[in-house]
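This briefing walks through one protein chain. It starts with a pair of strands and then widens to the sheet, the surface and the chain as a whole.

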Amino acid sequence: MEIIIQPDAESASRAAARVVARLLREKPDAVLGLATGSTPLRLYQELIRLHREEGLDFSRVTTFNLDEYVGLGPDHPQSYHHFMWSNLFDHLNVNPAQIHIPDGLAADIQAACAAYEDKIVAAGGMDVQVLGIGSDGHIGFNEPTSSLASRTRIKTLTPQTVADNARFFEGDEAKVPHHCITMGIGTIMAARCVIMLAFGSGKADAVAASVEGPVAAMMPASVLQHHPVAKFFLDEAAATKLTHAPYYRWVYDHKPGWQHDV
Ligand code: F6R
């Protein structure tokens, strides 16, 4: 794992955007795994800026989103379809036919999940997967006790995640769907590179447990310790509980030039 601690969420997001931009310049038809929530917004804003100001081309890119709420259609303002179009896709030259987001209204959810997995495989797998982390350590909506080998399926949100996400639903927990379709942990682990973003003190415990604690289904993001190319982009607040933070900073500051991709 590579732990990159930046002064704030803006600089951490810009550093993460440089990894994505470099990938796209080397491989214009890259497959991107994308996340929603508040955390990746600055990354997406930077990718939009790079597209507008530096011509970063998304025309050949394929995307797969991590998850979607069951029962919310694409027009629902809190659906992840709506989120992705308004915060990213509407501002880039991505081919709409190449955009994939789980269907929260699928009549046969199991079949839709299996088809989603098949599409990821057919596209060649994700080159990079962007992740946020839940305060309980979830990635995608793989809540604690999720199988570390799981694939795309329906999951039930924990009460903590429902409470965390109520802020997007006028603060009303009753409006938060309890079920979602999410890529599995095995699906995420198959990505060739993982970019984890975590900002704010509310993520500090989950980040420390994931990076420095034991690998455990109770802390899903800890599975990234098994990933060969997992990069954590943190702001200072999210890094406060890391006991080896000085070492991570030293490593990053002394990275050999040839290795510097951020
Ligand atoms: C979103 C997702 C979730 C979020 C996590 C953090 O697609 O899969 O795992 O990344 O819940 O959410 P925020 O960024 O809102 O704190």
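Strand 1 (residues 2-6) and strand 10 (residues 230-235) run parallel and are joined by five bridges. Helices (H or I, at least four residues) and strands (E, at least two) are DSSP runs numbered from the N terminus, and two strands pair if DSSP finds at least two bridges between them. The model is predicted: local features need pLDDT of at least 70, side-chain atom pairs count only at pLDDT 80 or more, and totals for chains, interfaces and linings use all residues. Residues are numbered from 1 along each chain as its sequence is written, and side-chain values use heavy atoms, with hydrogens and water left out.

**Strand 1 and strand 10**

- Glu2 stands opposite Lys231 in strand 10, and the bridge partner of Ile4 in that strand is Phe233.
- Strand 1 is mostly covered, with five of its five residues buried; buried means under 20% relative accessible area, exposed over 50%, and partly exposed in between (1.4 Å probe, protein chains only).
- On one side of strand 1 are Glu2, Ile4 and Gln6, on the other Ile3 and Ile5, and both faces are covered.
- In strand 10, six of the six residues are buried, so this strand is largely enclosed by the rest of the structure.
- Ala230, Phe232 and Leu234 point one way from strand 10, while Lys231, Phe233 and Asp235 point the other way.

**The sheet**

- Strands of a sheet pair through backbone hydrogen bonds, either parallel or antiparallel.
- Seven strands form an open sheet in the order 1-10-9-6-2-3-5, with parallel pairing.
- Strand 1 and strand 5 (99-100) stand at the edges with a single partner strand each, so one side of each is left without a neighbour in the sheet.
- Strand 9 and strand 10 pair in the parallel sense over five bridges, and Ala198 has Leu234 in strand 10 as its bridge partner.
- Strand 9 (residues 194-198) also pairs with strand 6 (residues 128-131), in the parallel sense and over three bridges.
- Val130 stands opposite Ile195 in strand 9.

**Helix 7 and its cover**

- Helix 7 (residues 204-212) has Ala204, Ala206, Val207, Ala208, Ser210 and Val211 as its buried residues.
- Strand 1, strand 9, strand 10 and helix 8 are among the elements that cover these residues.

**A nonpolar patch**

- Tyr247, Trp250 and Val251 make a nonpolar surface patch of about 350 Å².
- Patches are made of residues with over 30% relative accessible area and no salt bridge, with like charges joined within 9 Å and nonpolar side chains (Val, Leu, Ile, Met, Phe, Trp, Tyr) within 5 Å; a salt bridge is a side-chain nitrogen of Lys or Arg within 4 Å of a carboxyl oxygen of Asp or Glu.
- Trp250 is found in helix 8 (residues 245-253) and is exposed, with a relative accessible area of 53%.

**The whole chain**

- The chain has eight helices and 10 strands.
- Its radius of gyration (taken over C-alpha atoms) is 17 Å, close to the 18 Å that the globule rule gives for 262 residues, so the chain is as compact as a globular protein of that length; the globule rule is 2.2 Å times the number of residues to the power 0.38.
- Of the 262 residues in the chain, 56% are buried.
- Among contacts (heavy atoms within 4.5 Å) between residues at least 6 apart in sequence, 79% join residues at least 24 apart.
- The accessible surface comes to about 11100 Å², of which 54% belongs to carbon and sulfur atoms; accessible areas come from the Shrake-Rupley method with a 1.4 Å probe, and for residues only the protein chains shown count as cover.
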